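Please keep the sequence and the 3D view at hand while going through the points.

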Amino acid sequence: MCTVVGYIGKSLCRSYIFEGLARLEYRGYDSAGFACLEPDSQKLLYTKASGQLSQLVERLEKNPIDGFLGIGHTRWSTHGNFSERNAHPHFDCVKSISVVHNGIIENHDELKKQLIKEGHTFESDTDTEVISHLFESFLAEKKFNYQTVSEIVQMLDGMYACIIMLQKFPDTLVAIRKKSPLCVGVGDGEMFIASDVIAFAGKTDKVFFLPDESFAFVDKHGIKAYSFAGTEIPVKIEKTNVSFDNIDKGGHEHFMLKEIYEQKNAIAKTVASLRSLGAGLWDQLGVTAEQVAHLKEISLLACGTSWHAARIAQFFFESICNIPVSVHLASEFRHQVFFPAKHTLYIFISQSGETADVLEALRLINEHDLLTVALTNVATSTVVREAKGFVQTQAGPEVAVASTKAFSTQLAALYWLAHRIALEKKLIDKAALVQAEEDLLRAAELMEKNLEKYRDVIDTQYAPQYASYDNAMFLGRHISYPLAMESALKIKEVAYVFAVSYPAGELKHGSLALVDTTVPIYVFSHPDPMIYQKIVSNAHEVKARGGHIIAFAYEGQHELCELAETVFVISGAFPPLLGTLATLGVMQYFVYAVAKKRGCPIDKPRNLAKSVTVE
Ligand code: F6R
């Protein structure tokens with residue numbers, strides 16, 4: 001999604017703003033912009049460019065501008081196409097008020113009509129521009145103070161984090177937050193505002209997270225914060241230990257490839273960190289051991305790839321903890337009827353911890369004072385601050401937009417947690433937990449070994465062969481069905497292949513009509529002999545209709561292999577529930593290689609963003 005960054009203080013701001021934007025560019029990369037107040041003339045200057053941040057940097061190198069306060073933005077388009085015209089910052093009619101914004105102003109249409117009636121002229125198709133014109137309209141008659149800002153924010157519906165810079169008030173930036181994340185890094189005679197602490201990590205470890213529905217006047221020495229109603233609120237400064245290591249590709253051609261290879265270590269780190277929590281685990285989860293022992297249900301909520309992790313984890317919790325599990329798409333959850341349940345553990349799975357739909361589902365459940373736990377890769381994220389407790393995966397920063405190591409570490413953490421809960425419920429003993437940890441490490445190792453086994457043949461034979469197909473179908477059963485869904489999502493987002501996924505048994509209920517010689521059919525097998533046999537029958541149905549089968553099978557599954565045109569046999573010993581993890585590396589590498597052959601921008605696929613902060 002969009003990133004907003006702002007600076008006010010003793011130094012020239014451009015280098016910080018660009019560093020901050022670059023660190024967060026994974027959030028959106030359709031266009032970028034920068035505005036500052038020129039130190040001598042105090043005039044508001046700006047530059048914008050369509051495309052990635054590098055385009056803007058190039059422009060600024062030719063025509064440099066800088067100042068002691070400034071704002072910057074990278075955009076993931078919601079309203080208006082991606083163009084220079086729609087790039088932020090946006091302005092009032094005389095370009096003396098500028099705004100950068102992340103989120104959506106839902107009533108922008110109505111506000112725009114009203115402002116146009118008042119005589120304002122709009123230059124973009126964005127929802128954002130109403131904010132700068134609203135400031136212009138109010139400040140024509142009212143003072144620049146908290147009462148006026150309070151009136152303005154109460155007119156804006158939706159979710160938004162924005163920073164406003166006004167030419168007339170060069171000592172202040174205004175930061176506003178409703179639902180979308182926004183924080184202020186407190187320095188010595190300087191303030192750093194950003195969508196995420198990563199932007200200013202290394203510059204200060206003091207941070208003020210704006211509470212939901214609040215705004216702040218930020219000058220170089222201090223912050224005054226108010227609720228939307230206009231009541232002053234305390235500025236609670238927290239310490240953060242977030243660091244930013246300038247992450248490079250480590251010799252790999254793409255971040256996605258590097259991250260595929262980081263999975264083995266990331267899983268080992270995740271398991272080690274969970275184990276190291278010892279008796280402190282339940283405290284960190286915000287539950288008591290007794291509550292865990294009496295859990296009657298687990299509810300998993302997530303979006304996208306994290307939802308696939310939840311679908312796989314359903315099988316972990318049900319078979320290991322012997323309790324029912326419900327899995328919800330967070331984006332649909334709020335439209336359903338919710339039945340609050342006291343003995344249910346609600347786990348919110350989100351790599352970024354900032355996904356708006358996940359946060360909305362969490363807020364809804366939090367209204368009922370239930371057991372809510374965040375499972376995320378980012379300890380400073382909003383989901384951690386709002387859930388009652390949290391579990392952190394140790395994937396490290398994931399740069400490629402398509403999730404790989406964040407997903408596999410989610411699986412590892414959830415498998416471990418299932419065993420830990422089972423231990424508390426006295427369903428397993430300590431030795432079984434230790435065994436589960438060893439199994440996870442072995443499956444992670446096999447994930448990489450199996451990838452290595454097929455890497456060359458994928459490069460030389462399979463990727464060229466399958467890159468020419470624009471459509472694909474992915475099939476699985478039981479735990480291999482969510483793996484098929486994840487594979488279909490990966491090939492869509494990274495290789496732009498139109499892919500569908502089905503539980504293999506559903507094929508005959510309609511989708512079989514799509515099978516012909518032009519659609520590769522990817523079949524994900526299952527270690528369980530009974531489920532495997534059903535998958536074989538489905539593969540026969542495909543084969544009988546001329547379908548090309550690419551099978552991800554396990555050792556000894558000869559019948560499926562014989563039906564397939566291409567076979568990946570996942571070898572090694574692992575518990576059946578960890579077959580997905582052992583298969584993951586080959587699948588991810590295959591998708592990566594197909595995308596590369598198709599000439600796709602692998603790390604930054606079109607139209608996507610890594611942190612999805614709009615609903
Ligand atoms: C796909 C991918 C997305 C995310 C989804 C939720 O590779 O990464 O589908 O899984 O946008 O994001 P998080 O996990 O940050 O809540």
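**Salt bridges in the predicted model**

1. The side chain of E25 meets that of K604 in a salt bridge, at 3.1 Å from N to O. Because E25 lies in the loop between α1 (14-23) and β2 (31-37) and K604 in the segment after α19 (579-597), the pair ties together parts that are 579 residues apart in sequence. K604, for its part, is partly exposed, with a relative accessible area of 26%.

2. A second salt bridge joins the side chains of R334 and E360, at 3.2 Å from N to O. This pair links distant parts of the chain, 26 residues apart, with R334 in the loop between α11 (330-333) and β18 (344-350) and E360 in helix α12 (residues 356-366). R334 is partly exposed, with a relative accessible area of 35%, whereas E360 is buried, with a value of 7%. Salt bridges that share partners join R334 and E360 with R177, K179, R363 and E386 into one network.

3. The side chains of E232 and K224 also meet in a salt bridge, here at 3.5 Å from N to O. E232 counts as partly exposed at 47% relative accessibility, and K224 likewise counts as partly exposed, at 42%.

4. How many salt bridges does the count come to? With a side-chain nitrogen of Lys or Arg required to lie within 4 Å of a carboxyl oxygen of Asp or Glu, the count comes to 26 salt bridges.

How values were computed:
Residues numbered from 1 in each chain as written. Predicted model: local features only at pLDDT ≥ 70, side-chain atom pairs only at ≥ 80, totals over all residues. Heavy atoms only, no water. Helix = DSSP H or I, 4+ residues; strand = E, 2+ residues; numbered from the N terminus. Buried < 20%, exposed > 50% of the residue type's maximum accessible area, 1.4 Å probe, protein only.
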